Amino acid sequence: MAKTVKVTATDSPNTAVSGAKLPSLTKKYLTEMLEKKLSRFYGTTMREATKDQVYRALLLTVKDILSQKRTEFKHNVNNQEGKKIYYLCMEFLIGKSLRNNLMNLGVADKISSILGAIGISLDELYEIEQDPGLGNGGLGRLAACFMDALTSQNYSATGFSILYEYGLFKQKIIDGDQIELPDTWMPSGEPWLVPRTDKTCTVRFGGQIKEEWKNGRCEITHTDYTEVQAIPYDMMISGADSEAVNSLRLWKAKSMNQNFNMSLFSQGEYIRAMEESTRAEILSKVLYPADDHEGGKLLRLSQQYFLVCASLQSIIADHLRTYGTLANFSEKVAIHINDTHPALVVPELMRILIDTYSYTWEHAWSIVTKTVSYTNHTVMPEALETWDEGLFRFRLPRLHMIVSEINRRFCAELWNRYPGDWDRITGMSVISHGAVKMANLSVVASHTVNGVSKLHSEILTDTIFKNFYHDTPEKFTNVTNGIAYRRWLCYSNPALANLLDETIGKGYRKDAAELEKLLKFADDKTVLDALDRIKHENKVRFSNHIMRRNGIKVDPDSVFDVQVKRMHEYKRQLLNALHIISLYVALKENPDLDMRPKTFIFGAKAAAGYYLAKEIIKLIYEIGKDLEKDPKLSKKLSVIFPEDYNVSLAEVLIPAADISEQISLAGKEASGTGNMKFMLNGALTLGTLDGANVEIAEAVGSDNIYIFGHTTPEVEDLWKQGYHAIEYYTKSSTLTKAVDMLKKGFNGVSFEHLYQYLVYGGGGVADPYMCLADFDAYLAAHKTIERDYEDRDKWNRMSLVNIAKSGIFSADRSIREYADNIWGIKPIFKKNNK
């Protein structure tokens, strides 16, 4: 019999008083709030305050407004007993918050007017804020977009992650070499955080487990463990013109022992005096620490458990405060695993239900499998997380016991269904050959598993999860990714948004499907010219921004060809570089070549231990430096690689892009969301039929996108037949010249290793991501782009079609599909607003 626990709670001192109604956000009210903050916290007035003081007072003002809205929304949620979604992800790449919150609240113009009266530009305050170091790439940006869409549509949602003190890293590029520095974002970002020390909990690692049967149940005793405090910090998430304000809860690790060892310190044992505190706090220092050694693996596993253990304690406490029982837990709670990093939520929820609340295994498993769902984000086998079983047992002994039992029971069920089929059972098992397989654990325990594009979902059920799909096909579905289109269009590209307001009205700001109304202007010369003008203005804006930020000079009259994404072999920045080298060779052979100036823009971080990716960064950098030395060539061809690419730079770059490079090897990219952001802002996609490119092509039609290269089935056939990169290298003279240039090098640096990698393999398979196989088709696509770009009406019409058809890639649509088909949640409105 499960225990029923009644929990009472008091209001947090960090939230607005329950029942206090938020006043109308008039200019007068906002001015008074700003003046009060400046007087109370800085002892100054609006006219005497420094820019930094005004910035911080504005943050506090916005936070107060959000806090009151949050209190009202929580009151409505609890009154209506609505189901809640808890979204677990190792990263949330949220970007700066000030502009987003002001725009969502509808007060940006009023604040701008207030500040203008004292000679301060709102843009100046936006520049003070730093990007939070809470994410890295597409996974984290998707999670941030989803929190935005959940809130904008009035769903009750909480995100959970870790409060990384130094983020992934701050990227410096020195002579082409990536240098990783701490990302010290907290000084400007901390004011957004609300410390919830009243909700601090503890997390245990290691130790010994003792099982003892008493009164017909197995009692678990955990001894010799290490305990760490998990302190929550809440960042409030606003929605566009919505009643909701949700929270992103971030956990900070702290030592349980708050007593500084002065005795050791006095004896000169400084490191030992700090050792316990350091061991605990390292859990929330850095996102994705290098795991090419045992210490890194142990830290990553510990971080993942720290996240899920603390988050589940918060989820259960929240539920018990509202209902006083866990009997309805799966009816009122949905927990989503975003990729495999939070998969430990499965055995941890089992542990809590069984060990703390005395549920039977069967009852606990029923709750877990009705509560948890899982999104897979990769088809790359090496990216499907596994843990060494010995390491797992050492660090998480009780969870190892539970995972082992999950595996034993699941394999027994499989044996009954597929007797003697050892290969199938081993492939589907959660533990086999000394490895704990987190993707398999996620699939086994989740009621629904989804991919993130139609192609990706097909690949999942045809390959890595084929046997699972055969066993439980009803579990699998697709939800194509989406983006927070208001941020990436309305807030990042105001000139385009104004044009849309004038032509199709403002309805698209609430319903992205209304963007399709723009199609009726496809032959309107005035609108096409306006699109052309806006694009150029955005290119000028980016050129000015990148000069201020990085000291890089860019020609705004050149074609902006952009590839910005995580640096990885499968994303094929190297294919892009080979094309640039072919242009370099052509210009060297004929400096008077008739060619519209082109600027190739890259932005990417390579994982700290990913040396091949770092070498590709250096190649791109040195090509750019080599071109800079030639005054004649650099007028026609330039390559730039701004360091430390982040959300804020993307918000300026994406509206300025002409060409969006989405050139991964077919079958490797799960979805991508950068392709959607570029499309929304009128850039034309140059890409393979991979990830969401497939659905973009379906939406805009083949005449409004540039598709090239081998398809997924063709790639598979080529591998089966035997792929020989050297054959492609020798039969294309343009390719041969480009690849040979790697040996000669750029700016005095040879890239012999990359030459060997592409042509001979250098100890592995040559050209494993088929850059050479797709090169000629890629080159031909670029030549078509060059011709089309000269026909400005045609190009702008294609751009218009992309903008008009981008509504389907709104995160609002994605979230509605999750809400209706996976989580079973509904929007929460005030009773009189239903």
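Q: What is the volume of the second largest cavity?
A: The model is a predicted one, and in it the second largest cavity has a volume of about 70 Å³.

Q: Which residues line the second largest cavity?
A: Its lining is made up of K565, K571, Q662, I663, S664, E669, S671, G672, N675, D690 and N693.

Q: And how does that lining divide by class?
A: The lining of the second largest cavity has six polar residues, four charged and one nonpolar.

Q: How much space lies in the largest cavity?
A: The largest cavity holds about 160 Å³.

Q: Which residues lie nearest its centre?
A: Of the 14 residues that line the largest cavity, those nearest the centre are I94, S97, N100, I237 and R487.

Q: Which elements supply at least two residues each to that lining?
A: Three can be named here: helix α3 (98-105), helix α6 (138-152) and strand β9 (226-238). The largest share, four residues, comes from β9.

Q: What is the class make-up there?
A: The lining of the largest cavity has five nonpolar, five polar and four charged residues.

Q: What span should α6 have, and how far apart are its ends?
A: At 1.5 Å a residue, the 15 residues of α6 should span 21 Å, and the C-alpha atoms at its ends are 21 Å apart, so the two values agree.

Q: What comes just after α6?
A: Just after that helix, N154 takes a positive phi of about 65°.

Q: A change of topic: where does Y621 lie?
A: Y621 is in helix α24, which covers residues 611-628.

Q: Is Y621 buried or exposed?
A: Y621 has a relative accessible area of 19%. The cut-off for buried is under 20%, so Y621 counts as buried.

Q: What is Y621 in contact with, leaving aside neighbours within four places in sequence?
A: Y621 is then in contact with I173, D175 and G176.

Q: And how far is Y621 from S429, in sequence and in space?
A: Y621 and S429 are 192 residues apart in sequence, and their C-alpha atoms are 45 Å apart in space.

Technical notes. Residues are numbered from 1 along each chain as its sequence is written. This is a predicted model: local features need pLDDT of at least 70, side-chain atom pairs count only at pLDDT 80 or more; totals for chains, interfaces and linings use all residues. Side-chain values use heavy atoms; hydrogens and water are left out. On a 1 Å grid over the protein atoms alone, a cavity is a set of points where a 1.4 Å probe fits but cannot get out, and a pocket is an open set with protein on both sides within 12 Å along at least five of seven lines; lining residues have an atom within 4 Å of a point. Grid points are joined across faces, edges and corners, and a volume is the space filled by probe spheres set on the points. Ala, Val, Leu, Ile, Met, Phe, Trp, Tyr, Cys and Pro count as nonpolar, Asp, Glu, Lys and Arg as charged, and the others, Gly among them, as polar. The expected span of a helix is 1.5 Å times one less than its number of residues. Buried means under 20% relative accessible area, exposed over 50%, partly exposed in between (1.4 Å probe, protein chains only). Contact means heavy atoms within 4.5 Å.
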